[in-house]
2 protein chains.
Amino acid sequence: MKITAIREAAIPLKSTLRNAAFDFSEMTTSVVTVVTDVVREGRPVAGFAFNSTGRYACGAQMRERFIPRILKAEPDSLLNAAGDNLEPEKILACMMSREKPGGHTERSVAIGTIEVAVWDAVAKIAGKPLHRVLAERYNGGKPVAKVPCYVGGGWYEPGKGVKDLQDEIREKLDQGYTTMKIKVGGASIPQDLRRIEAALRVVKSSERLAVDANAAFDRARALAYAKALAPYELRWLEEPCDPLDFALLTDVARDYPAPLATGENLFSTQDVQNLVSYGGLRADRDILQMDVPQSYGIVQFARTVAMLEGRGWKRNSIFPHGGNQMTLAIVGGFGLGGCEAYPGVFGPFAGFADDAKIEDGFIGLPDRPGIGFEGQGGLFEIMRCLADGA
Amino acid sequence: MKITAIREAAIPLKSTLRNAAFDFSEMTTSVVTVVTDVVREGRPVAGFAFNSTGRYACGAQMRERFIPRILKAEPDSLLNAAGDNLEPEKILACMMSREKPGGHTERSVAIGTIEVAVWDAVAKIAGKPLHRVLAERYNGGKPVAKVPCYVGGGWYEPGKGVKDLQDEIREKLDQGYTTMKIKVGGASIPQDLRRIEAALRVVKSSERLAVDANAAFDRARALAYAKALAPYELRWLEEPCDPLDFALLTDVARDYPAPLATGENLFSTQDVQNLVSYGGLRADRDILQMDVPQSYGIVQFARTVAMLEGRGWKRNSIFPHGGNQMTLAIVGGFGLGGCEAYPGVFGPFAGFADDAKIEDGFIGLPDRPGIGFEGQGGLFEIMRCLADGA
């Protein structure tokens, strides 16, 4: 049993979105396939993944370092003890050889995307959905049928008014979502408060509205927003400051008793440890949002979870970044708080299986072997071409 | 006046070195040229830089994002107020457009290397050595003729004994160096103590010997080394733990009253701010070693220096990573503590101008316009081919 090929293609997101910090017009993502010599239903098993959204494609690092290291390794050295499947932990260690300590993001996205594609292959070889494989390995085998799923949106667009925002939220509620996250920080504070109040009139409960500042605030603005937003007691306030400015985050937390959320722009276990050590966060209410494929993948995420549990954090405080099927499998498999959804945004790279249903704020977990990209027509078309070498 | 082309080539270091953390056998570096339409001595002025050592080449990011952003910008928008030279601060801002907060290393090396090459061109257009341009802008115009320069070495090699280490150090002292840094952590503590004692017998003073653990120690080993090495009161103990493990570094500092050094594996001002806020370091003795071309370049380094000075750190505590002419110009220009040297290591990418002299632990600053790569034969051969598009 061995990996016979790993291929990558950089695909543009073709998104016209902007948030308070930047726009997505040049954004790309790396789609990866890990092809094995294991045959299922007459075809070699191939695993798939992509590097989520917000970080650019990273195929050069893959082709120059990580793919050759895996393909040069003795195939048996990358298998589990029984020799009947690939072992992602050994494949991660293989990719990390000859890497200098620190400097995570230059490699964490490339390594994590390959690693998640390996897991897709592992689950397909085992003939199980990935969430079930992960639950067996990392969550005592607890079966989960559905997980909480909130919807993101509320971007700023030229000419988009408060009524348009309300219509957008109503549309999402009609689709089965109950909790919505909207952007803040792309307007003045009074304008944003009007948007929040209008949104609250639609969702009806402060528990059902989160806001996202996308790390755009300087100190004065972060503290001003914290004071202005605190009375609303929203589901959470996300990324009120630079993702590494733990001193400012501590000051924001002091002025903001309601839940804060952050972590999508930290890419190593050590950075997350520093966040919870120095960022003033509160394990009883705050939310952590690491992006798993962008942060070395699932094996390393399990280490991050163990580190967090050792510091008093609960798994239901974790809502990983990335509204996609990889995150869904991870949330279900590890028993995390929930996942996000961006239907119709980021081209084929957001959303779930075509037959996925959202009901009363929950999404069901798929039964397909692996991550289940095969049930996501538009995206799987891209992946299948890559696996066929086309 | 405008930039007409920016080119990159990835060059293997072909180094067989290893330290306590990793080996350099696959290591590459990006050599960059920024070509302008300004003519000096009958040729277009071209600036040069490379991304130091220890981080892999990053030409893909340059070609996909940073070079197109610069070349697409209105040329006048990248000039200084007088319109008579390029303005690196504006070029840095241009490269940073459409970049998400955080995730620094994926971009900081590519951006910083281009930015330092821009500075080489800026100094050549001004007809001055870069260290003088930097002194005028960032150090009150203080002229500096020479700076302290220590030499690194003492790597582990199969069959290399204590006597070979002493011979290596004697050779460096004969070349004019007075202070030497050797590796620790690639052997047992008793073996390393024997190496240190042997080295001290040659350099004669504990002030003249530093040791480097290359971030390889876990908690138990870091604390054991701290206790074992403290009595020697060496010049410094470098990277006793993971570069981002500020809690462990704090504990090491508690057990190690002599100077500690770290920072070469931090790539943003915010990470350095976190280091000095949470890492237990002491501004009166400890050493900071950021690598400028790997950390967004010189404009961002000036912001890091300002942040540090605001927290009570002095410039002579800074010894930037990278034993090369870029670092030499930056140390002289900003009035920093000193620079490192790795003569004969890392192929053509270590060392200074061919006519550079080390005397009594100091190296003279060059008079050539720009960084002065033109005086470094082996390296400039690579750079000239790149500038000519060959």
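Domain bounds here come from an automatic or database domain assignment. With that assignment, chain A is divided into domain 1 (3–127 + 380–387) and domain 2 (137–372). Taken over C-alpha atoms, the centres of domain 1 of chain A and domain 2 of chain A are separated by 24 Å.

Some housekeeping. This is a predicted model, in which local features need pLDDT of at least 70, side-chain atom pairs count only at pLDDT 80 or more, and totals for chains, interfaces and linings use all residues. Residues are numbered from 1 along each chain as its sequence is written, while chains are lettered from A and ligands numbered from 1 in the order in which they are written.

Back to the two domains. Two residues are in contact if their C-beta atoms, placed from the backbone, lie within 7 Å. The contact takes 35 residues from domain 1 of chain A and 33 residues from domain 2 of chain A. Which elements give two or more residues to the domain 1 side? They are strand S3 (43–50), helix H2 (88–95) and helix H3 (105–126) of chain A; helices (H or I, at least four residues) and strands (E, at least two) are DSSP runs, numbered from the N terminus. H3(A) gives the most to this side, with 12 residues. By class, the side of domain 1 of chain A that touches domain 2 of chain A has 15 nonpolar, 13 polar and seven charged residues. For those classes, Ala, Val, Leu, Ile, Met, Phe, Trp, Tyr, Cys and Pro count as nonpolar, Asp, Glu, Lys and Arg as charged, and the others, Gly among them, as polar.

At the interface, 37 residues of chain B are in contact with 36 residues of chain A. On the chain B side, at least two residues each come from helix H1 (59–72), helix H3 (105–126), H8 and helix H9 (269–278). H9(B) gives the most, with five residues. The side of chain B that touches chain A has 14 nonpolar, 11 polar and 12 charged residues. The copies meet through the same surface, because 97% of the interface residues of chain B are also interface residues in chain A.

Now helix packing in chain B. Two packed helices are described by the angle between their axes and the distance between the axes. Axes are lines fitted to C-alpha atoms, for helices over the stretch in contact, and angles run from 0 to 180 degrees between N-to-C directions.

Take H2(B), residues 88–95, and H3(B): their axes come within 10 Å and cross at roughly 155 degrees. These two helices are therefore roughly antiparallel to each other, where angles under 35 degrees count as roughly parallel, over 145 as roughly antiparallel, 65 to 115 as roughly perpendicular and the rest as oblique. B:Pro88, B:Ile91, B:Leu92 and B:Met95 in H2(B) meet residues of H3(B) including B:Ile111, B:Glu115 and B:Trp119. The contact has nine nonpolar, no polar and one charged residues.

The second pair is H7(B), residues 219–229, and H8(B), residues 246–255, packed at an angle of about 20 degrees with axes 8 Å apart. H7(B) and H8(B) are therefore roughly parallel to each other. Among the H7(B) residues in this contact are B:Arg219 and B:Lys227, and H8(B) residues there include B:Asp251 and B:Asp255. Their contact divides into five nonpolar, no polar and four charged residues.

Last, H5(B), residues 162–174, and H6(B), residues 189–203, pack at about 35 degrees, with their axes 9 Å apart. The contact of H5(B) with H6(B) has seven nonpolar, one polar and three charged residues.
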